[in-house]
Amino acid sequence: MKHYLLGAVAGVAMIGAASAQAQTNVVVGHALSVESHYGVGAQAFIDTLTELSGGAFTGEQAPASQLGGERDMIEGLQIGSLDLVITSTGPLGNFVPEALALDLPFLFRDYDHARTTLDGEIGQELLDQMRDADLVGLAWTENGFRHVTNSQRPIRTPEDLGGLRLRTMENRVHMAAFEGMGAAPTPMAWPEVFGALQQGVVDGQENPITVITAARFWEVQGYVTLTGHVYSPAIVLASPILFDGLTEEEQGWFLEAARASAAATRAEVDRLEREGVELMRANGMDVITEIDRAPFQELAAEASWSVFTDRFGTDMLERIAAVE
Ligand code: EAX
């Protein structure tokens, strides 16, 4: 009897140990707060993955650039020191040059055009290309249409941008676009931006309403103009070291969780597009909503589209323009 009981107890302990061993915790890194549109997306990823896997996978967020700037985090994925990252495409073009197409000013007509393109064959082609840079593109998610904020003056025409020291992402297309519009672009990693604005190292920056509100930029910026000059995608990336160690079924869970993450983030972007202007005004920002975008578009596109077309031609851009 005694041996039987001992055997049974050992068996239960082994099952317990086995299921405990089977549980894998993954970390999702991103640049913003857990309350931001990225944080909402990261939590949706974690909750969906945990549910689909029956608890075999759990997850936690590493928000607010705890794991470094977006370029650092992408490099962490490549060497396997990070599991998953939600990042804007800002630095991504340095790893997958063809992704620079998505950062071209005034390329996308509106959110529907951008989302339909990225959820279609063009988006999948670009996700597949992440492999060339030792990255796994799980899904396109979203940052939002970018607008200009600054501490100096209202911006109504490109001339108002003249000489403004404007922080841009580490992105050659954005730098060329703002140079073409007459500003003085300064590329800078996201974790340095708030301090640089506070100390007056730069006068302004450009980001979607989602980021302007998440970062509480009204504390250091008095003016915002809804230029909508660039649609800023974001992307859910996994390390190939993590992803290639999964079974096919597990990989399916990660892909479905990434799609759920994108849906949650886009819903949060839509909410902030509706409520964000009021929130910025309530916090003292002078928000200019109506401008003639044509002059901005002409100067920005003229100065920056060649950064992409000189290398890749216009085929993909024509395909994107044709997406209904
Ligand atoms: O991804 O660097 C930026 O301006 C990005 O929009 C921000 O990190 C959110």
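**Pockets, cavities and the ligand**

Visitor: What volume does the second largest pocket have?
Guide: This is a predicted model. Among its open spaces, the second largest pocket is lined by residues including Ala31, Leu32, Trp190 and Phe194. Its volume is about 180 Å³.

Visitor: How many charged residues does the lining of the second largest pocket have?
Guide: Ser33 and Ser65 are among the residues that line this pocket. By class, its lining has 8 nonpolar and 2 polar residues, and the number of charged ones is none.

Visitor: Which helices and strand each supply at least two residues of the lining of the largest pocket?
Guide: The largest pocket has a volume of about 350 Å³. Of its 19 lining residues, Gln124, Leu127, Leu138, Ala139 and Arg259 lie nearest its centre. The elements that each supply at least two lining residues are helix H5 (121-129), strand E4 (136-150) and helix H10 (248-282).

Visitor: How many cavities of 30 Å³ or more does a search of the whole structure find?
Guide: Rolling a probe the size of a water molecule over the atoms shows where empty space is left. With the cut-off at 30 Å³, the search finds 3 cavities.

Visitor: Which space is taken by the ligand?
Guide: The ligand is surrounded by residues that include Tyr38, Ser88, Asn143 and Asn207. Tyr38, Ser88, Asn143 and Asn207 are also among the residues that line the largest cavity. The space the ligand takes is the largest cavity.

Visitor: What share of the ligand's exposed area does the protein bury?
Guide: A polar side-chain atom of glutamate 70 lies 2.6 Å from an oxygen atom of the ligand. For arginine 167 the corresponding distance to a ligand oxygen is 2.7 Å, and for an N or O atom in the side chain of arginine 146 it is 3.0 Å. Taken alone the ligand exposes 260 Å², and the share buried by the protein is 99%.

Visitor: How many charged residues are in the shell around the ligand?
Guide: Glu70, Arg146 and Arg167 are among the residues that surround the ligand. The shell divides into 4 nonpolar and 3 polar residues, and the charged ones number 3.

Visitor: How many charged residues are in the lining of the second largest cavity?
Guide: Residues that line this cavity include Glu70, Arg71, Arg167 and Glu170. The lining divides into 6 nonpolar and 2 polar residues, and the number of charged ones is 4.

Key. Residues numbered from 1 in each chain as written. Predicted model: local features only at pLDDT ≥ 70, side-chain atom pairs only at ≥ 80, totals over all residues. Heavy atoms only, no water. 1 Å grid on protein atoms, 1.4 Å probe; cavity = no way out; pocket = protein on both sides within 12 Å on 5 of 7 lines; lining within 4 Å. Points joined across faces, edges and corners; volume = space filled by probe spheres on them. Nonpolar A, V, L, I, M, F, W, Y, C, P; charged D, E, K, R; others polar. Helix = DSSP H or I, 4+ residues; strand = E, 2+ residues; numbered from the N terminus. Near = heavy atom within 4 Å. Polar contact = N/O pair within 3.5 Å; in protein donor to acceptor, adjacent residues only side chain to side chain. Areas by Shrake-Rupley, 256 points an atom, 1.4 Å probe, with all protein chains shown as cover. Sits in = over half its atoms within 2 Å of the grid points.
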